[in-house]
Structure formats: structure tokens, C-alpha cells
Amino acid sequence: MSVERSPRPESPTGQALRVELDRVGRLLEYQESFVNALMAHVPAIVLVTDRGGRVLRYNAFTASRTGFGREDMEDRHWLEVFVPAPERDELAQAMEELVAGRKTDRCAEGHLLTRHGRELSVRWTLSLLQTPCGEVSGVLVVGEDVTEIQQQNERIVHSDRMAAIGRLATSIAHEFNNQLTVIDGHCRLLERQSSLTESAHASLIAIRSSVERTARLTGQLLAFDRHRPHHPVLLNMNHALAGMVELLVRLVGEDVRVVVNPGSNLAEIWADPARFEQVVMNLVANARDAMPSGGCITIETANVQMPDQFTRAESGERIQSHVMLSVTNATAETREAVLGRLPKPSSVLRADDEAVGAGLATVHKFVQECGGNLCVCSEPDLGCTFALYLPRGELAAPDDQADAAAGATPGGGGTVLVVEDDDLLRQFVVGVLVNAGYRVLDAPNGRKALSLAGEHTGSIGLVIMDVVLNAEMGLSELAERLDEYRLGARTLYMSGYPKEIAFAHGLKSGDDFLAKPFSPDELLCRVRKYFDNTSEKESTKRGRS
């Protein structure tokens, strides 16, 4: 006969112990859940190692960022897996200090090598892991990927450095442009003399040729500054490329071949020569970067006819005849990789963006200035082609250039006040205007200009003034005080600085501006246009009265 025994009632101590065990179990479950969530979502490389540095646990971010799998990491020393050999000793010493109890955490800057060989910049933090009894159980390794931050800082430093170089180059170019205006201008005036001997004429040609080369060098100096103005001239791309081949070969290195296929009977375009050279160098450098193992870069030019839908000028006029420049690199890049290197529209249009003046953004800006189109084509096994389609020069000549090409007719009437602190340049401008029949008042500074304007009994039709004068007063103050004597006469401002920089010295939007260096014909063309417009207005007024 069996006898059922009732369970012994649990003692208060047992009840308390069970409650505590349940609480601790829930706490451990919560902590495990918390740690798992933290490991799964923290955007950093997280490793848990034993005392010897062998990987016991890692988070998903580590696997995705580095490309290493379980077989690559588990039960292997983390330094051997992730850290370049030259940096391992320092981190190994930090590990020893932690395990020995001399430190509780250590921080270090270094690098991480991914499975595919990419090197990341990482900020390492090593923390000691201990049991509740205080025994060392392992090390927590956290690596923050700071590659993008460092690259951004480097770009900022580079941008600041280039801005400083640009400011220095602009100042140098300003002085060069003053002197080039004088030298080239006097050469052009001497060439008009019929009494020149053949040897003298040859010498003048040599001087002008040297001036043109110096002007191109000055343009290259200004290319360091994003504010450089656009000075288009009739340009033959074949001739420009022929002078760049040696430079391009040095640019790409020995493992890349440069082939130039010039088109026959190539038409000219209106373009800034210095900016054209900069664009070609950017395209070639971009093609070279896409071929780390070497290859061939092909540059081609040709006359082309573009469909109407691609060739609408801003004025609404259709321009079908274009000149093409293409740069092709034989690369296996994917279409996505090519598109990833293209600048975003915002980085092209914003003047303060660091992408301006760099790489493909510079190319895009040049094409816009020329009124052309930029096309990018990438095909597997055929490479990537950047093609520029620019309007032919005879179809899209800028107004100012067309007027200069037509020649300037001497004026013969009116009074002009010239304000320029460079003596040689002022004397040159005065001489050109006097020979053209104008009456000229010249002043080396603002005070003298005010004095001449106050003493002059007749009217002053035009003031030609340098933007940056070594005077006691600023440009705006001088212009306002001269207005008291000139009865509405207009001002033509000139400067060796780019127009955008001249705004910082008092030039206003809408002011007439003449960039140095300029030729005698360009000067007379601008002066003549002003006096012609003034005469037309006066005739209209008399007709109405």
C-alpha cells in the first residue's frame, strides 16, 4: 500500500533564493539581449578576444566592412588578421599592458587591412574585460573607421593650400599683366610703322612671341585660382594638343601610352587656351587613374554635325557644326564606377564647393562657358570615353572678340581721364588714345584725378580707371567724388586681377571692365563703342526736340 507524501513546504530561504535566481536569470537575459543588439547595430569594428588576443566574437559590421568571414577571424590573433605588420608591435605592447593590469584601456591611431587589400584609417580603443571576481578574461577591441574623416580633412587642407597658392599666383599674375600690356602694346604700335627694317620687324615678332608665351604662363598661374576670368580666343585644338604631348607623356607615366589622332581640316573654336590645356590635363589624368595597371589613352579631334536637339544655344539659335575632342581610356571599369566619378550638378554650380576647379567639375564648367556639350560613354572591354562638343568659332564668336577682330577705328573726339598708378602702363594707354585723336587727362592716383577733374573746364566723356590704386581712398569713394565733376560720364575699369576678385576692391555688378593684358585695338574698340553710343543718344534727343 503506497502512501502519497505531500511536498514539503519551501522554506522562506529557498523561496528567496529562487526569486533571486529568477531575477538574476532575467537580468542575464536582458544583458545578453542588450549586448547582442549593441554588437549588431554599432557602426564600428567590435572584437572580443581572450587574454592572448584570439578572436572569440565579432559584430556584423566587422564582417561587412572588412570582408573577412568566420573562418578568417575565429581562433586567430586579431593583429594578424586586421593590422599591417609595421603597426602590430605597438598594439601588441598595449595588449600586454592591459592583461598585466598596468592599464585598463588604451587608444591608438593606425590602419586596418581588409580582405581585398584596401587600407582603412582606424582609431583603435582597447579595453580590459574582467570577471566579477576581478580576473582578466579578455580584451574588447573597438575600431572606429575614420578614413572618410581623414580624407575630408586632407581635402580641406589641400583646398586651403591651393587657395593660398591661388591668391599668390593671382597677385603675381596681376603685376605680369600690367607689364605684358605695355610690352605687347608698344610692339603692336611699332609694327604699324612703314619705316621698319626687315630685321627690326623680325625682332618685334620675336618679342611678341615671347610675350604670348609669357601670357600663357600667366594664364596657367591664374589656373590655380578658381576666380580666373574666361578669355576666349580663336583656338585650333590640334595646334594646342601638339604643344602638350610632351607634358601629357610625363603626366601619365611610363606604363601608359598617349596616342593623339588629330582630325583633318579641323575648325577653330572660341575658347580660353589656358583653360583648354587644363581641361585636357584633367581628362588625361582622370583616364590614367582608371588604369592603375597601365594601358593606352587616345585623344581624338574631329569636325562633327550634332543633332538639333543637342545643339540649342542659350539665345535659341541652333548651331549644328561642332568640333569634337574625345579622351578614351582602355579600362575595364563598370558603368557604375564611371558614373561614381562624375561630379554632381551641385558641386559644379556652387562657387564655394571644393569640387569647383578640380577634375571633371572643371571640365563641365569649361564646356558650359564654351556653350558646348559633354558626353560620357562607357562600354565593357571598350573603355570609357569623355567627348566634348564645342561650337565652331565662326558660328559662335563672342561679341567683344568679333569687334576686336574687325579692327578698331580711331575715335578722334572727346576727353578721357586715365587714372593708373603704374607709370609705364599709364603712359602707354595715354599714347594710344592721343594718337587716336582723343584729348587725355592722366593721373597717377585718386587725388590727382580729383584735382584734374575739378580744374578741367570742359566735359569729360569717359574715365578709364585701374581698379586697385595705391591711393588714400578706395575705389567706391573715388568714383563717387569724380561723379561730382563728370556730369554722368561713364567709367571703364581695368585691372590685371580677375573680374571676380575686382569685386572685392569696389567693382560693382554692371560696371564696364577691361581685363589686362589688352591690345591697343581692344582698348580703342571699347572707347569707340562708348563714344558711338553717346553720340547716338545725343542725336536721338535732338531729333525728339
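**Close-up views of a predicted model**

**View 1. A five-stranded open sheet.** Five strands make up an open sheet of mixed pairing, and their order is E7-E9-E10-E12-E11. The edges are formed by E7 and by strand E11 (373-379), each of which pairs on one side only. Between neighbouring strands of this sheet the average turn is 15°, direction ignored. The model shown here and in the other views is predicted.

**View 2. The parallel pairing of E7 with E9.** Strand E7 (residues 256-261) runs parallel to strand E9 (residues 295-305), and six bridges join the two. Within this pair, Asn261 is found opposite Glu300 of E9. E7 is an edge strand of the sheet. Strands of a sheet pair through backbone hydrogen bonds, in either the parallel or the antiparallel sense.

**View 3. The antiparallel pairing of E9 with E10.** E9 pairs with strand E10 (residues 321-329) in the antiparallel sense, over nine bridges.

View 4. Helix H9 (residues 245-252) lies across E7 and E9, and its direction makes an angle of about 155° with E7. Helix H10 (residues 273-289) lies across E7, E9, E10 and strand E12 (383-391). The angle between H10 and E10 is about 35°.

View 5. Asn236 sits in the loop between strand E6 (233-235) and helix H8 (237-242). Is this residue buried or exposed? Asn236 counts as buried because its relative accessibility is 14%, below the 20% limit for that class. Leaving aside residues up to four places away in sequence, Asn236 touches Leu266 and Glu268. Ala271 is 35 residues from Asn236 in sequence, and the C-alpha to C-alpha distance between them is 9.3 Å. A polar atom of the Asn236 side chain lies 2.9 Å from the backbone nitrogen of Asn238.

**View 6. Cysteines without disulfides.** The structure contains zero disulfides. Cys375 is in no disulfide: the nearest cysteine sulfur, that of Cys377, is 9.2 Å away, whereas a disulfide would require two cysteine sulfur atoms within 2.5 Å. With a relative accessibility of 35%, Cys375 counts as partly exposed. Cys107 counts as exposed because its relative accessibility is 54%.

**View 7. The whole chain, for orientation.** The protein has 19 helices and 17 strands. Of its 545 residues, 40% are buried. Among contacts between residues at least 6 apart in sequence, 64% join residues at least 24 apart. The protein exposes about 30,600 Å², and carbon and sulfur atoms supply 51% of that area.

Note on methods
Residues numbered from 1 in each chain as written. Predicted model: local features only at pLDDT ≥ 70, side-chain atom pairs only at ≥ 80, totals over all residues. Heavy atoms only, no water. Helix = DSSP H or I, 4+ residues; strand = E, 2+ residues; numbered from the N terminus. Buried < 20%, exposed > 50% of the residue type's maximum accessible area, 1.4 Å probe, protein only. Contact = heavy atoms within 4.5 Å. Areas by Shrake-Rupley, 256 points an atom, 1.4 Å probe, with all protein chains shown as cover. Pairing = 2+ DSSP bridges. Polar contact = N/O pair within 3.5 Å; in protein donor to acceptor, adjacent residues only side chain to side chain. Axes fitted to C-alpha atoms, helices over the stretch in contact; angles between N-to-C directions.
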